[in-house]
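Subject: Structure for your files

Hello,

Here is the structure I said I would pass on. Please open it alongside this message.

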Amino acid sequence: MKKILSIITIILTILYNFNAQAEENNMTDKKILVAYFSATGTTAKVAERLASAIEADLFEIKPAQPYTNADLDWTDKKSRSSIEMTDTTSRPNMASKIDDISKYNIVFVGFPVWWYREPSIIDTFIESYDFSGKTIIPFATSGMSGIGDSGSNIQKLAPQAKVLTGNRFSNDISAEELKEWAKELL
Ligand SMILES: Cc1cc2nc3c(=O)[nH]c(=O)nc-3n(C[C@H](O)[C@H](O)[C@H](O)COP(=O)(O)O)c2cc1C
């Protein structure tokens, strides 16, 4: 009886490891990009952690004109961020573009929540490329708001892509948690 139980345990262990390896391979088979915008460094850290956890390429969406502290003042209705976020057609220029986005199947897009949605420069980024047939997965950091309508906003700008709802993370989310989250989606 003991022998049979040992054999069953060995078989189950082999099957479990085989399955875990298959899941890992499934993730690395895909060419993944993590693109992010970060005004004050919080989203940057989460994006770097995610990219390294899932072995993805990393690209920073940098504004052509960097945001100053005054630009980011949400209590000032006349600040640059307030003006941009009030006008949904606003498209701040990016400092640089990705060489070749066509090689990626999956693009994670990270940003800070601004006024309950994605900052306008994310809209610039999405409109700058052909995302046909790709999957876009938004993620965000914030003071406390969720990711809001960012996913459906992005879907409207990239109708040929499959855009997931995405997720909002706290700044101390671990690499392991990010990897688990990504693994479930890929
Ligand atoms: C213009 C502006 C608007 C913001 N709006 C929100 C908001 O609606 N909800 C929220 O929880 N946090 C809001 N925040 C806080 C940021 O989302 C939060 O600090 C974020 O983690 C900053 O990320 P970053 O360091 O990558 O720029 C806002 C910050 C700025 C500058």
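The model is predicted. Its protein chain has six helices and six strands, in the order α-β-α-β-α-β-α-β-α-β-β-α along the sequence. Of the 186 residues, 29% are buried. Among contacts in the protein chain with a separation of 6 or more, 75% are between residues 24 or more positions apart.

Strand E1

Five of its five residues are buried, so E1 is largely enclosed by the rest of the structure. Ile32, Val34 and Tyr36 point one way from the strand, while Leu33 and Ala35 point the other way; residues on both sides are buried.

E1 pairs with two strands. With E3 (residues 106-112) it runs parallel, joined by five bridges, and Tyr36 stands opposite Gly110 in that strand. With E2 (residues 57-60) the pairing is also in the parallel sense, over four bridges, and here Leu33 stands opposite Asp57. E1, helix H2 (residues 42-54) and E2 together make a β-α-β unit, and this unit is right-handed.

The nonpolar core

In soluble globular proteins, nonpolar side chains tend to be buried together. In this model the largest nonpolar core has 37 residues. Those with the most contacts inside it are Leu33, Val34, Ala35, Leu50, Val107 and Phe108. At least two residues of this core come from each of E1, H2, E3, helix H4 (120-127), strand E4 (135-141) and helix H6 (175-185).

Which residues does Leu50 touch, leaving aside its neighbours within four places in sequence? Leu50 is in contact with Val34, Phe108, Leu178 and Ala182.

H4 is mostly covered, with six of its eight residues buried. These are Ser120, Ile121, Ile122, Asp123, Phe125 and Ile126. The buried residues of H4 pack against E1 and E3, and also against helices H3 (80-86) and H5 (150-157).

The ligand shell

The ligand is surrounded by 20 residues. The closest are Ser38, Thr42, Thr43, Pro112 and Gly143. H2 provides the largest share of the shell, three residues. By type, the shell divides into ten nonpolar and ten polar residues, with no charged ones.

Two backbone angles to check

Most residues other than glycine have a negative phi.

- Glu55 is found in the loop between H2 and E2. Glu55 counts as exposed because it has 11 C-beta neighbours inside 10 Å, and the cut-off for exposed is 12 or fewer.
- Trp115 is found in the loop between E3 and H4. Trp115 has 14 C-beta neighbours inside 10 Å, so it counts as partly exposed.

Regards

Note on methods:
Residues are numbered from 1 along each chain as its sequence is written. This is a predicted model: local features need pLDDT of at least 70, side-chain atom pairs count only at pLDDT 80 or more; totals for chains, interfaces and linings use all residues. A residue is buried if 20 or more other C-beta atoms lie within 10 Å of its own, exposed if 12 or fewer, and partly exposed in between; C-beta atoms are placed from the backbone. Two strands pair if DSSP finds at least two bridges between them. A crossover is right-handed if, with the strands pointing away from the viewer, the path from the first strand over the helix to the second runs clockwise. Two residues are in contact if their C-beta atoms, placed from the backbone, lie within 7 Å. A residue is near a molecule or strand if its C-beta atom, placed from the backbone, lies within 6 Å of it. Ala, Val, Leu, Ile, Met, Phe, Trp, Tyr, Cys and Pro count as nonpolar, Asp, Glu, Lys and Arg as charged, and the others, Gly among them, as polar. A nonpolar core is a set of buried Ala, Val, Leu, Ile, Met, Phe, Trp, Tyr and Cys residues joined through C-beta atoms within 7 Å.
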